[in-house]
Amino acid sequence: MKKKCSQQWWGVFIASILSFHGIGSCLASTTLNGSGATFPAPLYIRWASEFQKNHPEIAVNYQGIGSGAGIVNFTKGLTDFCASDIAMTDADIEKNHGNIVMIPLTAGMIVLSYNLPNIKQLKLSREAYIGIFLGKITHWNDPLIELSNPGIILPSLPIVVVTRSDGSGTTALFTEHLAKISPEFNTEVGSGKSVKWPVGLAGKGNDGVTSLIKGTAGAIGYIEYGFAKNNNLPTAELQNKAGKIVPSSDKAGSLALANITLPDNLRSFVPDPEGPGDYPISGFTWVILKKSYPPEKNKGLKAFFSYALTEGQLLSSALGYLALPEAVQKKSIQALASIQESASK
């Protein structure tokens with residue numbers, strides 16, 4: 001007879017650790033392994049913890065290793081699912097013989113977080129943040145930054161740009177935005193999961209970039225909003241396409257998402273939303289699944305991601321994420337329902 005799983009928090013933690021190492025069968029009869037984007041990792045981990053309280057027979061393990069590495073693991077069959085901040089390309093899908101279902105699971109904002117003593121509010125025009133990441137604006141008291149921050153005494157401190165060292169969906173979203181609004185950036189740097197930055201330090205994952213920002217006076221880097229929120233890091237207000245400078249907020253991020261119409265394949269990203277209240281860098285993050293799984297895996301995956309798409313959405317805001325718009329949520333639930341049982345492993 002199987003031992004009854006504890007409902008206490010330490011029981012959930014131990015179950016997760018043991019099952020990840022393949023020795024937790026007494027605690028969970030089904031183990032689901034996933035890896036990928038660091039952008040949604042804190043939310044996935046919270047979902048897994050909350051879900052297992054009511055489903056002790058299912059252990060969900062997620063490792064935030066970057067979208068690129070997660071897709072590689074999934075393609076090699078090392079994981080049951082992966083997460084990516086950019087949808088798989090047609091070439092990626094072909095590598096998996098078309099056996100792919102992509103589902104928007106949550107959404108968020110990419111923010112510019114900074115470390116400036118005694119500066120709690122900072123506004124950046126498009127020209128300013130493009131210049132910073134091109135390495136052409138090198139000090140915080142540059143006239144172009146001062147122009148958007150009247151009445152604030154900015155230090156003559158060197159700007160330390162912090163970027164990602166790993167293949168990253170966060171980088172892809174951020175650089176697509178920069179390339180869209182700046183022909184110069186598009187020519188000199190381009191866009192993608194990995195680019196050659198002209199300046200700065202590099203950290204692995206959103207957590208690595210966050211640590212570098214926290215520990216480096218004068219630093220500025222791009223991270224998912226939840227990492228800034230959970231680490232009490234300030235974020236710059238950014239100028240959007242309508243010319244308005246807006247803060248990173250649930251309202252501004254949700255406004256940007258509300259204008260996205262998903263096609264049938266659920267792949268969509270608007271690199272420069274047009275609304276006057278829209279936060280300029282917002283997007284979905286996807287879970288990537290196969291079209292079919294063996295019965296127990298199929299049952300477990302559907303149960304977990306059904307939870308994530310319904311009750312789990314209520315946890316989004318507290319962790320710095322954006323709940324899916326209702327129309328997107330419905331399409332995601334329909335896509336999850338399309339996954340079938342297979343006879344083979």
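**Helix packing and the open sheet**

Helix H5 (residues 126–133) and helix H7 (residues 169–181) cross at roughly 120 degrees, and their axes come within 11 Å. Axes here are lines fitted to C-alpha atoms, for helices over the stretch in contact, with angles running from 0 to 180 degrees between N-to-C directions. Helices (H or I, at least four residues) and strands (E, at least two) are DSSP runs, numbered from the N terminus. This is a predicted model, in which local features need pLDDT of at least 70, side-chain atom pairs count only at pLDDT 80 or more, and totals for chains, interfaces and linings use all residues. Residues are numbered from 1 along each chain as its sequence is written, and side-chain values use heavy atoms, with hydrogens and water left out.

H5 and H7 are therefore oblique to each other; angles under 35 degrees count as roughly parallel, over 145 as roughly antiparallel, 65 to 115 as roughly perpendicular and the rest as oblique. The crossing of H5 and H7 is left-handed, meaning that the near helix is turned anticlockwise from the far one by less than a right angle (clockwise would be right-handed). On the H5 side, the contact (heavy atoms within 4.5 Å) is made by Arg-126, Tyr-129, Ile-130 and Phe-133, and on the H7 side by Phe-174, His-177, Leu-178 and Ile-181. Sorted by class, that makes six nonpolar, one polar and one charged residues. Ala, Val, Leu, Ile, Met, Phe, Trp, Tyr, Cys and Pro count as nonpolar, Asp, Glu, Lys and Arg as charged, and the others, Gly among them, as polar.

Another helix pair is H2 (residues 41–54) and H12 (residues 295–309), packed at an angle of about 115 degrees with axes 10 Å apart. H2 and H12 are therefore roughly perpendicular to each other, and their crossing is right-handed. H2 brings Tyr-44, Trp-47, Ala-48, Glu-50 and Phe-51 to the contact, while H12 brings Ala-303, Phe-304, Phe-305, Tyr-307 and Ala-308. By class, this contact of H2 with H12 has nine nonpolar, no polar and one charged residues.

Then there is the sheet: eight strands, open, with mixed pairing, in the order S2-S1-S3-S11-S4-S8-S6-S7. Strands pair if DSSP finds at least two bridges between them. Strands S2 (58–64) and S7 (201–203) stand at the edges with a single partner strand each, so one side of each has no neighbour in the sheet. Strands S1 (residues 30–36) and S3 (residues 81–84) pair in the parallel sense over three bridges. H12 lies across S1, S2, S3, S4 and S11, at about 60 degrees to S1.
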